[in-house]
Amino acid sequence: MRYSGFRVIAEALTGHKGWKPVWRDPAPQAEYDYIIVGGGGHGLATAYYLAKEFGQKRIAVIEKGYLGGGNVGRNTTIIRSNYLLDGNEPFYEFSLKLWEGLEQDFNYNAMVSQRGILNLIHSDAQRDAFTRRGNAMILNGADADLLDREQIRAMYPWLNFDDARFPIKGGLAQRRGGTVRHDAVAWGYARGADSRGVDLIQNCEVTGMRIENGKILGVETSRGFIGAKKVGVAVAGSSSRVMAHAGMRLPIESHVLQAFVSEGLKPLIDGVITFGAGHFYVSQSDKGGLVFGGDIDGYNTYAQRGNLPVIEDVAEGGMALMPAIGRARLLRTWGGVMDMSMDGSPFIDKTPVDGLYFNGGWCYGGFKATPASGWCFAHLMAKDAPHKVATAYRLDRFLKGKMIDEKGQGAQPNLH
Amino acid sequence: MIINHPILGPRDSQEFVYLGAAEMMNRPDGMSAGIEEFHEWLYHRDNPAGEHRELWYHEQGDRSWLVVTRNTLTHEISRVELARDVAKAMGRSK
Ligand SMILES: Cc1cc2nc3c(=O)[nH]c(=O)nc-3n(C[C@H](O)[C@H](O)[C@H](O)COP(=O)(O)OP(=O)(O)OC[C@H]3O[C@@H](n4cnc5c(N)ncnc54)[C@H](O)[C@@H]3O)c2cc1C
């Protein structure tokens with residue numbers, strides 16, 4: 001069923017009796033050409049593009065819980081392409097361009113809102129670094145604007161411009177950045193994949209991999225063995241656990257990132273503001289809640305909840321940047337488990353096992369990557385060659401000295 | 001989280017800096033190990049769900065390194081040792 005304005009009116013006049021479940025709930029078949037492990041944004045996008053762009057058939061997505069119950073439904077929904085390094089920027093700009101056409105492409109309202117993102121500057125050194133970053137963005141076909149203090153004052157007069165430690169001196173804006181309704185991204189890709197024949201198999205955990213003579217034969221699951229010619233793993237925070245079934249150790253640690261929502265307020269922030277120096281970022285949802293967050297907790301964890309010190313730290317960052325936030329009540333906090341890599345950049349690569357592919361290491365920034373990640377992973381799996389914007393995301397890049405370390409922190413996942 | 005420091009008693013984890021897996025104490029010998037071995041040591045991790053031995057540095061305290069055994073599913077801490085004692089037990093340093 002196609003969605004359209006006409007359809008909404010027609011259904012309204014006939015008592016909304018025509019809406020149907022948007023995807024099937026199939027039992028797993030004995031064998032597929034492609035199995036994608038993980039029904040988050042990346043896994044669903046991969047299945048969608050495999051079917052739609054690469055003409056592949058007999059595809060299944062295997063999800064241990066329900067579709068979209070992982071990080072794709074837990075993030076703070078920010079999309080942007082404001083990276084510095086060559087290995088990253090073309091990939092994220094490709095992703096942003098896909099976001100711009102996504103809703104038409106999969107005929108689903110994902111509320112893609114290019115409301116703009118602003119990274120604040122507090123020192124001359126930071127201005128130099130952001131100027132360089134802005135230039136790198138423009139060289140790669142993205143948009144970037146360096147703003148001065150008065151331009152920012154015109155946008156957000158209530159920011160604390162004269163904080164003693166971090167006075168606001170300017171900012172780097174990307175006006176095509178913004179937010180997207182995260183659940184709708186999972187649902188849109190799921191519906192698009194299902195309607196092209198992809199089996200979306202929920203409540204089915206991958207518990208092992210059958211590998212013989214260096215080749216993948218399929219996956220063991222809580223619902224029995226399922227054979228496959230090719231298996232792609234896109235399980236975000238669970239990457240190390242799942243790839244351990246193939247005997248692999250990864251350059252990844254799992255960490256928790258928390259997010260926060262205030263009570264609903266009248267319109268206050270029409271874009272996204274990041275206060276990197278104070279470890280705080282904020283936007284306002286269409287329902288009115290301030291959606292904000294800060295740093296990861298910083299220790300290995302698989303618990304989808306964080307601890308109080310980070311909540312305190314984020315609240316302090318918020319108070320330093322926008323003292324008015326102190327009058328708002330915090331409604332909810334939650335956490336998601338993230339696949340923090342050794343250089344803060346992701347992997348989309350083959351593995352030493354024939355027919356087994358890996359997608360992960362997305363850290364706290366994989367939501368914006370969802371369309372490009374799915375597209376490039378599908379490209380890799382269908383053609384056995386990397387997409388041109390994802391050639392740097394190799395698993396052996398540390399051995400070769402080709403890290404993509406935007407922050408220059410070294411092999412310390414909790415600092416990226 | 002509260003870390004029960006072997007010398008100082010229970011301390012708030014905020015006083016500590018987290019480094020990562022305790023297996024990093026076993027750095028290969030720089031004179032004999034090859035690049036592959038170093039690569040494995042520096043970049044690859046077990047990253048288990050469950051019991052995890054890890055290094056915490058008491059920066060805002062006595063500056064000691066601790067080996068903390070903690071469950072990554074529950075955050076429960078079952079054991080805290082001085083990294084120094086752990087290294088000695090492995091036969092390192094006299
Ligand atoms: C609080 C928070 C805020 C964030 N904010 C942003 C942001 O503003 N912008 C941004 O770009 N990114 C953000 N991120 C990061 C982003 O959400 C993730 O990088 C991205 O969602 C990860 O990809 P995914 O959607 O495929 O992951 P997930 O949705 O986590 O999908 C992985 C799926 O794999 C399944 N799985 C795991 N193990 C198995 C198994 N054994 N068998 C079968 N299935 C399995 C899981 O159940 C899960 O559904 C944020 C993350 C968090 C936690």
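**Ground rules.** I am working with a predicted model, where local features need pLDDT of at least 70, side-chain atom pairs count only at pLDDT 80 or more, and totals for chains, interfaces and linings use all residues. Residues are numbered from 1 along each chain as its sequence is written, chains are lettered from A and ligands numbered from 1 in the order in which they are written, and side-chain values use heavy atoms, with hydrogens and water left out.

**Entry 1: the ligand shell.** I looked up which residues surround the ligand. There are 37 of them, and the closest are A:Glu63, A:Asn71, A:Val72, A:Thr76 and A:Lys368. A residue counts as near if one of its heavy atoms lies within 4 Å of the molecule. I sorted the shell by type: 17 nonpolar, 15 polar and five charged. Here Ala, Val, Leu, Ile, Met, Phe, Trp, Tyr, Cys and Pro are nonpolar, Asp, Glu, Lys and Arg are charged, and the others, Gly among them, are polar.

**Entry 2: backbone and ligand oxygen.** I then checked distances from backbone polar atoms to ligand oxygen atoms. For A:Lys368 I read 2.7 Å. For A:Val72 the value is 2.9 Å. A backbone N or O atom of A:Cys363 sits 3.5 Å away from a ligand oxygen. On its own the ligand has 1,000 Å² of accessible area, and the protein covers 96% of that. Such areas come from the Shrake-Rupley method with a 1.4 Å probe.

**Entry 3: where the shell comes from.** I found that α2 (41–52), β12 (252–264) and β16 (330–341) of chain A each give two or more residues. Strand β12(A) gives the most, with three. Helices (H or I, at least four residues) and strands (E, at least two) are DSSP runs, numbered from the N terminus.

**Entry 4: A:Asn300.** This residue lies in strand β15 (residues 289–300) of chain A. Is A:Asn300 buried or exposed? It counts as buried because its relative accessibility is 2%; buried means under 20%, exposed over 50%, partly exposed in between (1.4 Å probe, protein chains only). Its side chain makes a polar contact with the side chain of B:Tyr18 at 2.6 Å. That term means a pair of N or O atoms within 3.5 Å; within protein, one must be able to donate a hydrogen and the other to accept it, and residues adjacent in sequence count only if both atoms are side-chain atoms.

**Entry 5: A:Phe292.** I stayed in strand β15 of chain A, where A:Phe292 is found. A:Phe292 is buried too, at 8% relative accessibility.
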